[in-house]
Amino acid sequence: MMVKLARTICMATCLAGLATSAQATLTAREESIVPIAAFAANGNEAALRDALKSGLEKGLSINEIRSILEQMYAYAGFPRSLTGLGVFVDLLQERRQAGIEDVKGREASPMKKGESIREIGTKTQTALIGKPASSPVYDFSPNIDTYLKEHLFGEIFANDLLTWRDRELATIAALAALPAPRQLRSHLNVCLNIGLASDELKSFADIVQKQIGHAAGKLARDSVEAVLEARR
């Protein structure tokens, strides 16, 4: 029931966002998610450290950033996720020693009782993409379908420490930085499904261009334009 309601709200928000995209902008907090995810995914530790510091200063809590870095395992693998978490732990220790007390933030809400991770993940995945997921790849590899539904959508995206907007911004940033063009276009469509407006996606591409690098920025910009054109 909750997922159905969330889907209805997301669809309405999407339509409203498209209609008012001229006024739509990412918040400073949302903008700070992009370099954190991108540099965690591509392994640039020095740049990640600066991005983490900026994220804390722009309103992300410790637990929210931790959740972004944990999410990266699903896109860039455990080595990059673990490395990113290690960089963050070191940064927090340095800041504490300097007398800086960062906001820890709340913990995630408990998972709903009475539903399996598979059921939760399937509902979340369906709400995000706007229809039940199907693919020849899933037919060929039922295991990957399980990993997506149970780990990515059931354990990560269903974790409410971050909103779906936050998680999708982190996802498309990582996919642009890797690079993973096909998956990037897929998740840009998800972004539109959950209410991000065209101007917000263009802003995302500008951030990638300015902060991550020319190649990643070009991929982000070209992918955004291609997805928006297809939507028209």
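Q: Which residues does E64 touch, not counting residues up to four places away in sequence?
A: E64 touches R29, G59, L161 and L162, where contact means heavy atoms within 4.5 Å. This is a predicted model, where local features need pLDDT of at least 70, side-chain atom pairs count only at pLDDT 80 or more, and totals for chains, interfaces and linings use all residues. Residues are numbered from 1 along each chain as its sequence is written, and side-chain values use heavy atoms, with hydrogens and water left out.

Q: Is E64 buried or exposed?
A: E64 counts as buried, at 15% relative accessibility. Buried means under 20% relative accessible area, exposed over 50%, and partly exposed in between (1.4 Å probe, protein chains only).

Q: And where is E64 placed?
A: In helix α4, residues 62-71. Helices are DSSP runs of H or I with at least four residues, strands are runs of E with at least two, and both are numbered from the N terminus.

Q: How many residues of α4 are buried?
A: Eight of its 10 residues, so α4 is mostly covered. Among them are I62, I65 and L69.

Q: What do those buried residues of α4 pack against?
A: They pack against α2 (28-42), α3 (45-57), α5 (73-76), α6 (78-97), α9 (142-157) and α10 (164-177).

Q: Switching to salt bridges, how many are found in the whole structure?
A: A search finds 16. A salt bridge here is a side-chain nitrogen of Lys or Arg within 4 Å of a carboxyl oxygen of Asp or Glu.

Q: Which residue does E30 meet in a salt bridge?
A: The side chain of E30 meets that of R165, at 2.9 Å from N to O. The pair links distant parts of the chain, with E30 in helix α2 and R165 in helix α10, 135 residues apart. E30 is buried at 9% relative accessibility, while R165 is partly exposed at 22%.

Q: What about D145, which residue is its salt bridge partner?
A: R118, with the closest N and O atoms 3.5 Å apart. D145 lies in helix α9 and R118 in helix α7 (residues 117-129), so the pair ties together parts that are 27 residues apart in sequence.

Q: Last one: what does N189 touch, not counting residues up to four places away in sequence?
A: V227 and R231. N189 is found in helix α11 (residues 181-193), and is partly exposed with a relative accessible area of 28%.
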